[in-house]
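Dear colleague,

Please find the structure below, followed by a short account of what was found in it.

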Amino acid sequence: MWAFVQSLINGLLNGGVYALIAVGVTIIFGVMRLINFASGAFMVLGMYLSWFCYSLFGLNCYQTIPLVILGCATIGYGTFRLTLVPVLKKNRQAGLMVTVGLSFILQNLLLILFGSNPLTLPSNLSTKALRIGSFTIGLPRLIAFGIAIVLIIVVSCVVGKTRFGKQMRATSESVEISEMLGIRTNRIFALSWTLGIVLIGIAGAVLTPLYYVQTSQVNIFRNTPIIAVVLGGLGSIPGAFLSGLLLGIIEALVSTTLSTDLGPLGIFLAYLLVFYWKPQGLFGKGERIA
Amino acid sequence: MIRRKRALILSVAVLICATLGLPFILKSNYLITILVNCLFFGAFGLAWNLISGYGGQVCWCHSVYVTIGAYTGIMLYNSFGVSPFLSVLLSVALAWILSTVIGKVSFRYRGPFFSITTIALGEIVRVLLLYFVDFTNGARGISVRYTGPSFWNLLFADNTPFYYIGIIAVVVMIGVTKLFERSKTGYYLRAIKDDEDAAISLGIQTAKVKLTASQISAMLTAALGVFYAFFLTFVEPNTICSVDFSIKIGSVAIVGGMGTAWGAVLGAFVIVPLTELASVLLGGAGGAHLLYGLALVMVVILQPRGLSYLFDKNSALRSKIQKRRRI
């Protein structure tokens, strides 16, 4: 019983970070109908940027967040202009292939630049923990969860209440009509992409106390957020958030009951089950069914 | 006219002789290994092309089918001495089962669901291979037990026989692709790629057609995978069952030209040697993989039809060249 609740807590906290990446991916999909397969690569980019700032200026990982935001925004916008603008008007498969290629390029560029040795960002928080009753809550995990929740709430407010958010929602419903109404959709595309990448990069930065900084993390963090996005309903921010948490919990439970290696299997089976019964996702608005 | 035809037949004959005699001209096992890789990647790319090029359903899990062929072939040989030519049957059956499960779930819906499912599948199979250590030897991988040269067990002293096996594989795949192009499934599939709504309105059962195509693609890849594994003689889950390998197979076909019967082979012969060069110049696996990614992105942005467009009879480029020639 204790193991169950402890892994529930850990899973929830892990899920918060998955949720943050998933929200980044779902924003990009909602506006541009493009699944960002490069999300894992951008997350690792955030990790490496954070480590780079640490090695240059000696900041701890939370202090590097503003610089990571700057770096990710620049690189995100740059990759958007270079690789995605030509492809956005073409068919769906082109965008898919470009993001896969982009993921490959980023991953190996980082490998060439920083080498394959796992790096660490030492943090004086990495061993501290909170104790509630007989359960331990690791402090870095809790802070990562907290930052993720705050960012998701902020983004929801931006999308729901600001004028920019309204333009984003309009573009996601219909690009042509938004253009007719005078919304500069190209700018909305660029800003949504950059926003998504920044969220994903911050997720990477706050994860540095918990994971080694190495390019093999790309594969680990690419699948779960995308599955969370599909589970929650493509384009739905609350869906992505809740599915991220849910997948974190499932992964933790499977890891403790069966084996750590089988965590991804639990996630995949959950995906297949939900997808079979409710293909538009738990909160989806309903993509067209064939 | 007769002179041109005679010249054509002569040049084709010379080309065939050169191709068949190449290993004896080159004499270097390293170069032959590169050529074998070119040929096998071309064959894999053509199999990928059946579902992803003609059908537009981009599949990133062909590494799983290669893995099925590889592990089945090597394990059956190591444990029971079964010839890889027979293991092909079991691996084809397993690939059929797996592709059916994936297809039945994801082909009912449009959108990126199929691609997402295939990427996730790659990770799952890799994790499973690592988990069942007692059965699959986990991360240590499995290797072919070499007990002296034998044709039926695909054991050879050097890689020259695999060069010829590779050529046969590519020729067979080109033949299969052309047959598929002209078959009913092939026509329906290309119709679905062009306009799925119109295809449905004509009464085409889209889910069934897509499923059939992906089954054929999977079975061919698994069969090729058996031979590829005996060429490599050592496989381990993190390389052969990775999304990276799937991306390589896809890139080869995309760069060469999806939707043509020989584009993937062209792509393989361009990319594989270039990546050898890149890994020498830029160091390690990073440089080579970087090239795959760059080639993939550049081709999709600049010329989505791939390199085979340069040879297309109807292309604008060709008519420009012909105009210049007349002047």
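In the largest cavity, helix 10 of chain B gives the most to the lining, with 3 residues; helices are DSSP runs (H or I, at least four residues) numbered from the N terminus. This is a predicted model, in which local features need pLDDT of at least 70 and side-chain atom pairs count only at pLDDT 80 or more, while totals for chains, interfaces and linings use all residues. Residues are numbered from 1 along each chain as its sequence is written, chains are lettered from A in the order in which they are written, and side-chain values use heavy atoms, without hydrogens and water.

A cavity is a set of points on a 1 Å grid over the protein atoms alone where a 1.4 Å probe fits but cannot get out, and lining residues have an atom within 4 Å of a point. About 50 Å³ of space lies in the largest cavity, the volume being the space filled by probe spheres set on the points, which are joined across faces, edges and corners. Its lining includes H62(B), Y65(B), S214(B) and S217(B).

Turning to the interface, 44 residues of chain B are in contact (heavy atoms within 4.5 Å) with 44 residues of chain A. The rule finds 0 salt bridges between chain B and chain A, a salt bridge being a side-chain nitrogen of Lys or Arg within 4 Å of a carboxyl oxygen of Asp or Glu. Among the elements that give two or more residues to the side of chain B that touches chain A are helix 4 (84-106) and helix 14 (284-302) of chain B.

Yours sincerely

Notes: 1 Å grid on protein atoms, 1.4 Å probe; cavity = no way out; pocket = protein on both sides within 12 Å on 5 of 7 lines; lining within 4 Å.
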